[in-house]
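Please look over the sequence and the model shown below before reading on.

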Amino acid sequence: MASPFAARRHRLGTLMDKGDLAVIATSPQRRSPGPDSADPWPDFHYLTGLDHPTCGLILEKPDTGPLRERLFIPEPSASLWDGAISSDQAATAAISEISPF
């Protein structure tokens, strides 16, 4: 059974046309969301379940085949300066059905 995050990404994929690409990223620092905010963290969290800075999710709707998903997470060594973050493997495991990059 797919996670709610995988189901949300699948739903977004059904709304995309063939050849479309969706890029959802987080900023280096958290900002409070508001009507004029460019901070995409609420969208990123809704689709992935993660709440980390400087991450990215790319969804690609190819001409044929299933939706392609790629998750980009900073190196764990960045936690020395930016605070604790998950490793690629831990974050990918926390989000079902996203291939690590």
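Is Arg68 buried, partly exposed or exposed? With a relative accessible area of 42%, Arg68 is partly exposed (buried means under 20% relative accessible area, exposed over 50%, partly exposed in between, with a 1.4 Å probe and protein chains only). This is a predicted model, in which local features need pLDDT of at least 70, side-chain atom pairs count only at pLDDT 80 or more, and totals for chains, interfaces and linings use all residues. Residues are numbered from 1 along each chain as its sequence is written, and side-chain values use heavy atoms, with hydrogens and water left out.

**Salt bridges**

- The whole structure contains two salt bridges (a side-chain nitrogen of Lys or Arg within 4 Å of a carboxyl oxygen of Asp or Glu).
- Arg68 forms a salt bridge with Glu60, and their closest N and O atoms are 3.4 Å apart.
- Glu60 counts as partly exposed because its relative accessibility is 30%.

**Nonpolar core**

- The largest nonpolar core has 11 residues, among them Met16, Phe44 and Ile73 (buried Ala, Val, Leu, Ile, Met, Phe, Trp, Tyr and Cys residues joined through side-chain atoms within 4.5 Å).
- At least two residues of this core come from each of strand S1 (21-25), helix H2 (41-48) and strand S2 (56-60).

How values were computed: Helices (H or I, at least four residues) and strands (E, at least two) are DSSP runs, numbered from the N terminus.
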